[in-house]
Amino acid sequence: INAEYGDPKPARMKVYSVSVYRQGAEEAPAVLLAQAADFSDFSFFYRSKVAVRLFRCTASDAGMQELGNFVGRTIVERTLEGSRQAVRHDAYVVYSRARPGGLSSVVLCDLEYDQRIAFGCCEKVLDSFSEQFPTEWQECTEELALNTEALQELLATFQDIREADKITQIQEDLDEVKEILQKSIEEVLRRGEKLNDVAQKSEELSTETKAYLESSQDATSCCTLL
C-alpha cells in the first residue's frame, strides 16, 4: 500500500504525459511545442485530494493535466542545457531532459516508473520530434503548434515497461542516469522563489488550481524528497 495516498501499488507503471518544450531566452517562459497525455488512470485517491481542495466533486483529466503541465514547465525552465533532472511532486515524478540549443522534453510518470526507462523516453521523444521538425521549433512561439501523432505513439509504447526496456537498452548514455537523485521541486526553484509565487504569476493556471496549490503548500509541503 502507498502509505502517503492510501492506494494500492498499480499493476503496471504509468506514463501520464510526454511533452516537448523550447526553452526561452534568459527568464522567458518555455514554449510547449507538442504533447501527448492520458490522465485517465491517475490515482483516484490523489484526484479526491485535489477535488476536495478545489471544492469540486471530481478532479477532471483536464484539471490534472493543467497541474502536470504547470509543474513540468516550471522544471524544464530550470533545467540547464545538456542536463537531466528527476523531480518528485505529489503523486508523480517529472523527468526533464534539456539538449544543447534549448529543445527539451518532459515525461510525467507515476512513482514506480523505472528512472532509466523514463529518461530513455525523454530521449526518444526528442529524437522523434527533432526528426520531424529539425528547425521549425527554433523560432516557434505558439503553444502546441507542432503537435505530432508520433508523441501519441510513444506515449502508448512506453506504457508497456517490457517493450520500453527493450527500446532503451540500445541507448548507450543511459547508464549514468542511475546516479541522478530525485529532487523536490523546492530544490529546483531559483534562490528566493516559492512555488506559490510562480503559480500566481502563471497565465496557464485557473484560479481554482492556484488556490489548490496554495492550500496544499499551507497544509503540508506538497513537494517531498525521496
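Reader: In what order do the elements of the protein run from the N terminus on?
Author: The order is β-β-α-α-β-β-β-α-α-α-β-α-α-α. That makes eight helices and six strands. Helices (H or I, at least four residues) and strands (E, at least two) are DSSP runs, numbered from the N terminus. This is a predicted model, in which local features need pLDDT of at least 70, side-chain atom pairs count only at pLDDT 80 or more, and totals for chains, interfaces and linings use all residues. Residues are numbered from 1 along each chain as its sequence is written, and side-chain values use heavy atoms, with hydrogens and water left out.

Reader: Why is Gln-159 called buried?
Author: Buried means under 20% relative accessible area, exposed over 50%, partly exposed in between (1.4 Å probe, protein chains only). Gln-159 has 12%, so Gln-159 is buried. Gln-159 lies in the loop between α4 (149-157) and α5 (161-168).

Reader: What does the side chain of Gln-159 reach at 2.8 Å?
Author: The backbone oxygen of Val-15. At 3.1 Å, the side chain of Gln-159 also reaches the backbone oxygen of Leu-155. A polar contact is a pair of N or O atoms within 3.5 Å; within protein, one must be able to donate a hydrogen and the other to accept it, and residues adjacent in sequence count only if both atoms are side-chain atoms.

Reader: How many aromatic pairs does the structure hold?
Author: Three. Rings of Phe, Tyr and Trp (its six-membered ring) pair if their centres lie within 6.5 Å; planes under 30 degrees apart count as stacked, over 60 as edge-to-face and the rest as tilted.

Reader: Why is the pair of Tyr-16 and Phe-39 called stacked?
Author: The ring centres of Tyr-16 and Phe-39 are 5.7 Å apart and the planes stand at 10°, so the pair is stacked. Tyr-16 lies in strand β1 (residues 15-22), and Phe-39 in the loop between β2 (31-37) and α1 (44-54), so the pair ties together parts that are 23 residues apart in sequence. Tyr-16 is buried at 5% relative accessibility. Phe-39 is buried too, at 3%.

Reader: What makes the pair of Tyr-95 and Phe-119 edge-to-face?
Author: The angle between the planes is 80°, with 5.2 Å centre to centre. Tyr-95 lies in strand β4 (residues 92-98) and Phe-119 in helix α3 (residues 115-132), so this pair ties together parts that are 24 residues apart in sequence. Both Tyr-95 and Phe-119 are buried.

Reader: Which residues touch the most other members of the largest nonpolar core?
Author: Val-18, Val-20, Leu-33, Tyr-95 and Phe-129, out of 32 residues. A nonpolar core is a set of buried Ala, Val, Leu, Ile, Met, Phe, Trp, Tyr and Cys residues joined through side-chain atoms within 4.5 Å. The largest share of this core, eight residues, comes from α3. Another core lies apart from it, with 22 residues, among them Tyr-21, Leu-32, Phe-70 and Tyr-92.

Reader: How do you know that Phe-70 is buried?
Author: The relative accessible area of Phe-70 is 2%, so Phe-70 counts as buried. Phe-70 sits in helix α2 (residues 61-76).

Reader: What share of the residues of the protein count as buried?
Author: Of 226 residues, 52%.
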